[in-house]
Amino acid sequence: MGFCINCGQQHQDGIRFCRFCGNQQPGEQLLARLRQEAEQIHYLRLQAQALAQQQQLQQQQLQQQQQYSQNQYNQQQRW
Ligand SMILES: [Zn+2]
């Protein structure tokens, strides 16, 4: 089953024209290319998410380190 690229109605695979709005549907080659692009986008998004998580982690570590040195400084001040 596929969906019309124009009206979004569901229709059978392999048809050339939508039976609801008459819009021409993408051929197999185009669909294959679109699928490939979608996979690439998915992959890029995963990479970006991983990078963002890494940066967040690094920031958290940095904040912890700053807090730690601040505590040490406070302790030194007390003595
Ligand atoms: Zn349609």
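The model is predicted: local features need pLDDT of at least 70, side-chain atom pairs count only at pLDDT 80 or more, and totals for chains, interfaces and linings use all residues. Residues are numbered from 1 along each chain as its sequence is written, and side-chain values use heavy atoms, without hydrogens and water.

**Zinc site**
- The zinc ion has the protein donors Cys4 (SG), Cys7 (SG), Cys18 (SG) and Cys21 (SG), lying 2.3 Å from it; donors are N, O and S atoms within 2.8 Å of the metal (3.2 Å for Na, K and Ca), and water is not among the atoms, so sites may look incomplete.
- Along the chain, these donors are spaced C-x2-C-x10-C-x2-C.
- The arrangement is tetrahedral because the four donor atoms subtend angles of 104 to 115 degrees at the zinc ion (for four donors, all angles must lie between 85 and 135 degrees).

- Cysteine 4 is buried, at 6% relative accessible area, and cysteine 18 is buried at 4% (buried is under 20%, exposed over 50%, partly exposed in between; 1.4 Å probe, protein chains only).
- Cysteine 7 is partly exposed at 35%, and cysteine 21 is partly exposed at 35%.

Definitions and conventions. Tetrahedral: all angles 85-135°; square planar, octahedral: opposite > 155°, others 65-115°.
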